[in-house]
Amino acid sequence: MTMRVMMMAALAATMMAGPALATGKIKCNVAAADMKPIEALKAELTKQGWTVAKAKVDGGCYEVYGVMPETGRVEAYFDPATFEKLYVEQRGKVLFKKG
């Protein structure tokens, strides 16, 4: 790999990580015993028309990368006990934030 390709890859990785840092303020304080399975959230979102690319725990919340039928690609956070939508972002633009 050339130095230029390596620099471009590093720059792309840094840019992709940027929005995730902004959403690091979303926190959920739910005991592990009260968390519903993440697979159940993925199934619920699929029923709503989402295409889920990735789902994981971040800040105690469920973080989902996927495609919403109305808006396209998004990063969204959900309460792991209730699946309540807490935050949705698209390309650095906040589409929804609870409270």
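**Strand 2 and its links**

Visitor: Which strands do the 7 bridges join, and in what sense do they run?
Guide: Strand 2 is joined by 7 bridges to strand 3 (residues 72-78), and the two run antiparallel; strands here are DSSP runs (E, at least two residues), just as helices are runs of H or I of at least four residues, all numbered from the N terminus, and two strands count as paired if DSSP finds at least two bridges between them. This is a predicted model, in which local features need pLDDT of at least 70 and side-chain atom pairs count only at pLDDT 80 or more, while totals for chains, interfaces and linings use all residues. Residues are numbered from 1 along each chain as its sequence is written, and side-chain values use heavy atoms, with hydrogens and water left out.

Visitor: Is strand 2 mostly covered or mostly open?
Guide: Strand 2 (residues 61-68) is mostly covered, with 6 of its 8 residues buried, where buried means under 20% relative accessible area, exposed means over 50%, and partly exposed lies in between (1.4 Å probe, protein chains only). Across the chain of 99 residues, 26% count as buried.

Visitor: Switching topic, how many disulfides does the structure hold?
Guide: The structure holds 1 disulfide, a term used for a pair of cysteine sulfur atoms within 2.5 Å. That disulfide joins C28 to C61, with an S to S distance of 2.0 Å. The pair links distant parts of the chain, 33 residues apart, since C28 lies in the loop between helix 1 (3-22) and helix 2 (38-47) while C61 belongs to strand 2.

Visitor: Which hand does the link of C28 and C61 have, and are they buried or exposed?
Guide: The link of C28 and C61 is right-handed, with 100° about the S-S bond, and both C28 and C61 are buried.

Visitor: Last one: in what order do the elements run from the N terminus?
Guide: The order is α-α-β-β-β-β-β, from 2 helices and 5 strands in the chain.
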